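Let's take a friendly tour of one protein model. Have the sequence and the 3D view ready, and look things up as you go.

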Amino acid sequence: MQKITVLSGGMGGARFLQGLLHGIGNGTLPGVAADAEVTVVANTADDWWIHGLKVCPDLDTVMYTLGDGIDPERGWGRRDETWSAKEELAAYGVEPTWFGLGDRDIATHLVRTQMLDAGYPLSQVTQALCRRWLDPVWGRGVRLLPMTDDRVETHVAVADADSPSGRRVVHFQEYWVRLRAEVPAEAVVFVGLDDAKPGPGVVEAITGADLVVLPPSNPVVSVGTILGVPGLRDALVSGPAPVVGLSPIVGGTHVRGMAQQMLTSIGVEVSAAGVGLHYGARSAGGVLDGWLVDERDAADVERLRAAGIGCAAVPLMMTDHDATAAMAAAAVDLVAPK
């Protein structure tokens, strides 16, 4: 395998990518070339505008993580961050005060916004930003592509007794950061997704891959939105590469994030089997050839195999790079020709 494409959200996808690249570098992935190229197609539906700046959380989390600039404790934002601008904005009473941009992180958003205002598409802006973060570390071995250059935003409907409809709709970032995903999500709305076009190189990254991986990212608001870009699901289903995924649900719940809330909002069973069946077998019109579940969910294996999805139970906790590389190796082995 020379070309691997990963459809990624933010934190979970970024940490999986670290392990995948660690395994490639160490030669521990069966059948994968030592100089294999990895293309990351990242979710952009979490993007939003704040204080006049364009913020792309998943693109930045992948970029900072692979460029060794991420805050390892938070899992997002810059290492050694300070918050003077956030404090000054709050002192002026500028809303939203619940969402803060770190002083170092602001530089990325300023560059991005200036380039967008100058007429460059998001894909070219991302390529320019990655020259600082990815090229010095990985050379041409890693590419980061936004799923689309078009504006797509995820919004969440929550109950509101004061609204005539009984609901109000908030941006995904407000649901996640201000509400902490503690309010039930009654519906998820992807604004602009139906009209979006795949970003430059995205379809080719899928159809030209030797392997496509769905990492343990949120299946609704991360991987789900990538597959929702018109043409990308079809490219995945009809492409020649095997498609393998890793469950974000371990022992009946998400490890981190809000997969449980999002799955509930669309009526999908919150389990390793539930997510795998939600993606579906390629042989039956879905997208998966293989699906890894955690050892704690081994009882789900036969249920998935019965649905036409190759399945195995292995440890799925990304405790360090070696453990994550072992997950990547198991994913490759599951769908590799025998």
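Is F99 buried or exposed? With a relative accessible area of 12%, F99 is buried, because anything under 20% gets that label. Keep in mind that you're looking at a predicted model. Here's the rest of the briefing, topic by topic.

**The whole chain**

- The protein chain has 338 residues, and 53% of them count as buried.
- If you count up its secondary structure, you get 14 helices and 14 strands.
- The chain's radius of gyration is 19 Å, close to the 20 Å that the globule rule gives for 338 residues, so the chain is as compact as a globular protein of that length.
- Follow the C-alpha trace along its principal axes and you'll find that it spans about 65 × 50 × 35 Å.

**The aromatic rings**

- Searching the whole structure turns up five aromatic pairs.
- One of these pairs is W48 with W98, and it is stacked: the centres are 5.7 Å apart, with 20° between the planes.
- W48 sits in strand β3 (residues 48–50), while W98 sits in the loop between α3 (84–91) and α4, so this pair ties together parts that are 50 residues apart in sequence.
- W98 also pairs with F99: their ring centres are 6.1 Å apart and their planes stand at 90°, so this pair is edge-to-face.

**Arginines over rings**

- Look for R74, which lies over the face of W76, at 4.3 Å from the ring centre.
- Then find R78, which lies over the face of Y64, at 5.6 Å from the ring centre.

**The largest pocket**

- A quick word on how empty space gets spotted: rolling a probe the size of a water molecule over the atoms shows where it is left.
- The largest pocket holds about 1,300 Å³ of space.
- Its lining is made by 50 residues, and the ones nearest the centre are M11, W76, W176, R256 and G257.
- The elements giving two or more residues to this lining are α1 (11–26), α2 (57–66), α4 (103–117) and α7 (172–178).
- By type, the lining of the largest pocket splits into 24 nonpolar residues, 16 polar and ten charged.

- What is the volume of the second largest pocket? The value is about 360 Å³.
- This pocket is lined by 15 residues, and the closest to its centre are Q127, V142, R143, L144 and L145.
- Two or more lining residues come from each of α5 (122–133) and β5 (142–146).
- Which element gives the most to this lining? That's α5, with six residues.
- The lining of the second largest pocket divides into six nonpolar residues, five polar and four charged.

Terms used:
Residues are numbered from 1 along each chain as its sequence is written. This is a predicted model: local features need pLDDT of at least 70, side-chain atom pairs count only at pLDDT 80 or more; totals for chains, interfaces and linings use all residues. Side-chain values use heavy atoms; hydrogens and water are left out. On a 1 Å grid over the protein atoms alone, a cavity is a set of points where a 1.4 Å probe fits but cannot get out, and a pocket is an open set with protein on both sides within 12 Å along at least five of seven lines; lining residues have an atom within 4 Å of a point. Grid points are joined across faces, edges and corners, and a volume is the space filled by probe spheres set on the points. Helices (H or I, at least four residues) and strands (E, at least two) are DSSP runs, numbered from the N terminus. Ala, Val, Leu, Ile, Met, Phe, Trp, Tyr, Cys and Pro count as nonpolar, Asp, Glu, Lys and Arg as charged, and the others, Gly among them, as polar. Rings of Phe, Tyr and Trp (its six-membered ring) pair if their centres lie within 6.5 Å; planes under 30 degrees apart count as stacked, over 60 as edge-to-face and the rest as tilted. Buried means under 20% relative accessible area, exposed over 50%, partly exposed in between (1.4 Å probe, protein chains only). A charge sits over a ring if NZ of Lys or CZ of Arg is within 6 Å of the ring centre and within 35 degrees of the ring normal. The radius of gyration is taken over C-alpha atoms; the globule rule is 2.2 Å times the number of residues to the power 0.38.
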